[in-house]
Amino acid sequence: MFVFLIFFTLNTVTQAQSWTQLTTTGTPPSFRIYHTAVYNPKDNQMIIYAGFGNSSTLGDVWVLGNPNGLGGSPVWTQLTPTGNTPTPRYAHTAVFDTTNKIMTIFGGSPDGSNFLNDIHVYNGLLNSWTKITTTGSNPIMRLSHSAVYNQVNNQMIIFGGFGGNNA
């Protein structure tokens, strides 16, 4: 099994950009597709959640410390969060609130036939999951959508995807 970590360095427009492949230590996560990854710049960590691999849906959380190669060698660590663990899923979205070290996930699918529209947050300070109950109604169930985080207004904004009612 190969896990490649490659990052792209952006310099000024007049300088050449370059790709650098890094060698990681620790046991890497299993092969997966349709997972999410967020970057925590304060702690220089990449957090990945769930995905689909080896004919099964995954629901695990992994952290890669020093993913940009700064501060030491990149190191993989599997986390075991407490709390209300989300249903394993893939093709969901995740955003990251750097101020509070919170990753928010939305939607996805546990099996490719059923779609989700639930919201869960992973608190990196407490290493715990919480299911979020919103006011009003959640967006329709969907997968393979896009999401961005508006830090100023503490909003997760989603767009597109596949799901119920032609999401």
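Leaving aside its neighbours within four places in sequence, Thr104 touches Thr93, Ala94, Val95, Ile119, His120, Val121 and Met156, where contact means heavy atoms within 4.5 Å. This is a predicted model, in which local features need pLDDT of at least 70, side-chain atom pairs count only at pLDDT 80 or more, and totals for chains, interfaces and linings use all residues. Residues are numbered from 1 along each chain as its sequence is written, and side-chain values use heavy atoms, with hydrogens and water left out.

Thr104 belongs to strand β9, residues 102–106 (strands are DSSP runs of E, at least two residues, numbered from the N terminus). Thr104 counts as buried because its relative accessibility is 16% (buried means under 20% relative accessible area, exposed over 50%, and partly exposed in between, with a 1.4 Å probe and protein chains only).

The largest pocket has a volume of about 400 Å³ (on a 1 Å grid over the protein atoms alone, a pocket is an open set of points where a 1.4 Å probe fits, with protein on both sides within 12 Å along at least five of seven lines, and lining residues have an atom within 4 Å of a point; the volume is the space filled by probe spheres set on the points, which are joined across faces, edges and corners). Of its 20 lining residues, Thr104, Ile119, Thr134, Gln155 and Met156 are the closest to the centre.

Lys131, in strand β11 (residues 128–132), counts as partly exposed because its relative accessibility is 44%. Lys131 is in contact with Asn84, Asp118, Ile119 and His120, neighbours within four places in sequence left aside.

Conventions
Helix = DSSP H or I, 4+ residues; strand = E, 2+ residues; numbered from the N terminus.
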